[in-house]
Amino acid sequence: MPAQLTLAVGPRDHSRGHAAAVVTLVEYGDFECPQCAAARPIVARVAETFGDRLRFVFRHFPLTNSHPNAQHAAEEAEWAASRRAFWPMHDALYEAQTALSDDRMLELAGALGLPGVELQRAWFEHTFIKRVKEDFASGLASGVTGTPAFFINGVRHEGGWDELSLSHAIEQALR
């Protein structure tokens with residue numbers, strides 16, 4: 001039996017697309033994961049293809065053993081979300097992925113007009129670590145072991161995450 005999402009998609013999630021879309025695509029991702037960066041434009045094209053029929057949700061799954069900056073990047077995205085800038089930060093982090101460091105992440109905040117001093121404070125005080133850990137725990141409970149991991153309407157997508165494979169799986173879910 002395919003793995004299921006253990007945490008239902010809701011208002012706590014970061015989503016693009018219509019909330020009443022027929023299909024919800026959830027990705028567990030890591031901002032330092034090269035495969036996640038490669039999947040980002042694919043997901044964007046798939047979302048464009050399906051329009052209002054698809055909602056995309058991003059959840060954090062920082063693999064800190066192999067990606068030392070992934071945790072701070074996830075916390076930065078949550079900090080940006082508290083300033084209504086999750087998606088711009090999400091995109092900026094992936095674009096800067098090969099050179100992520102705390103200094104670079106502070107620059108990204110500044111480029112988005114966000115106060116880096118407040119980001120440093122949030123990192124120091126672990127303000128957003130709980131939210132990131134909740135996503136990570138929900139991924140573990142749902143059987144996620146690596147990134148990117150996709151779920152379509154709550155069921156783990158075991159196929160490839162290339163455009164054709166994702167599109168085919170979404171078309172199946174639409175039926």
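Trainee: How do you know how many disulfides this predicted model has?

Mentor: A disulfide requires a pair of cysteine sulfur atoms within 2.5 Å, and by this rule the count in the predicted model comes to zero. C33 is in no disulfide, the nearest cysteine sulfur, that of C36, being 3.3 Å away. Seen from C36, the closest cysteine sulfur is the one in C33, and 3.3 Å is too far for a bond.

Trainee: Why are C33 and C36 called buried?

Mentor: Buried means under 20% relative accessible area; C33 has a relative accessible area of 1% and is therefore buried, and C36, with a relative accessible area of 1%, is buried because that value also falls under the cut-off.

Trainee: What puts the buried residues of helix α4 on the same side?

Mentor: The buried residues of α4, which spans residues 102-111, are M105, L106, L108 and A109. They cover an arc of only 155° around the axis, and therefore lie on the same side of α4. On the other side of the helix, D103 and A111 are exposed. An α-helix has 3.6 residues a turn, so residues three or four places apart point the same way.

Trainee: What covers the buried residues of α4?

Mentor: The cover includes α2 (70-81), α3 (86-95) and α5 (116-125).

Trainee: Which residues touch the most other members of the largest nonpolar core?

Mentor: Of its 41 residues, these are L25, F31, W79, L93 and L100, while the largest share of the core, seven residues, comes from helix α1 (residues 34-50). Apart from this core lies another, of eight residues, among them V26, V144, A149 and F151.

Technical notes: Residues numbered from 1 in each chain as written. Predicted model: local features only at pLDDT ≥ 70, side-chain atom pairs only at ≥ 80, totals over all residues. Heavy atoms only, no water. Buried < 20%, exposed > 50% of the residue type's maximum accessible area, 1.4 Å probe, protein only. Helix = DSSP H or I, 4+ residues; strand = E, 2+ residues; numbered from the N terminus. Arc of directions from axis to C-beta. Contact = heavy atoms within 4.5 Å. Core = buried A, V, L, I, M, F, W, Y, C linked by side-chain atoms within 4.5 Å.
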